[in-house]
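Please keep the sequence and the model in view while reading.

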Amino acid sequence: MIKEGLVDEAKSLTPFRSLNALNTVGYKEIFQYLDGDITLDKAVENIKTNTRRYAKRQLTWFRRDPDYHWINANNINEILSLINSKIL
């Protein structure tokens, strides 16, 4: 995200930082950096940590819903079997 220009993007969005859409992993930490509250290295570290936490929460949420079917994307037989069971 940093290599792709997150810092410059966040700078250009500073006037809109109060919008809920910008209260997300990445922007939050870069705004802290731009405010001088943390270093860029710390912001990057926080982005990595918060991204892992967010992904873990997503997986937990998906696992609770019995309508989601976890499959191995490399197992074509499993995929076809699941599709057939849903359409037949």
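What share of the contacts in the chain with a separation of 6 or more is accounted for by residues 24 or more positions apart? In this predicted model, such residues account for 23% of those contacts.

The secondary structure may be considered next. The chain contains 4 helices and 0 strands, and its pattern along the sequence reads α-α-α-α. Its radius of gyration is 19 Å, whereas the globule rule gives 12 Å for 88 residues; the value is well over that figure, so the chain is more spread out than a compact globule. The C-alpha trace spans about 60 × 25 × 25 Å along its principal axes.

The surface comes next. Of the 88 residues, 16% count as buried, a term that here means under 20% relative accessible area. The chain exposes about 7100 Å², and 54% of this area is supplied by carbon and sulfur atoms. The chain also carries 13 positive and 11 negative charges, whose mean positions lie 6 Å apart.

The largest nonpolar core consists of 10 residues, among them Leu-6, Val-7, Leu-22, Ile-30, Phe-31 and Ile-47. At least two residues of this core come from each of α1 (6–13), α2 (27–34) and α3 (40–64). Val-7, one of the core residues, illustrates how parts of the chain meet: when residues up to four places away in sequence are not counted, Val-7 touches Ile-2, Ile-30, Tyr-33, Leu-34 and Leu-40.

Technical notes: Residues numbered from 1 in each chain as written. Predicted model: local features only at pLDDT ≥ 70, side-chain atom pairs only at ≥ 80, totals over all residues. Heavy atoms only, no water. Rg over C-alpha atoms; globule rule 2.2 N^0.38 Å. Buried < 20%, exposed > 50% of the residue type's maximum accessible area, 1.4 Å probe, protein only. Contact = heavy atoms within 4.5 Å. Areas by Shrake-Rupley, 256 points an atom, 1.4 Å probe, with all protein chains shown as cover. Lys, Arg positive; Asp, Glu negative; His and termini not counted. Charge placed at Lys NZ, Arg CZ, Asp CG, Glu CD. Core = buried A, V, L, I, M, F, W, Y, C linked by side-chain atoms within 4.5 Å.
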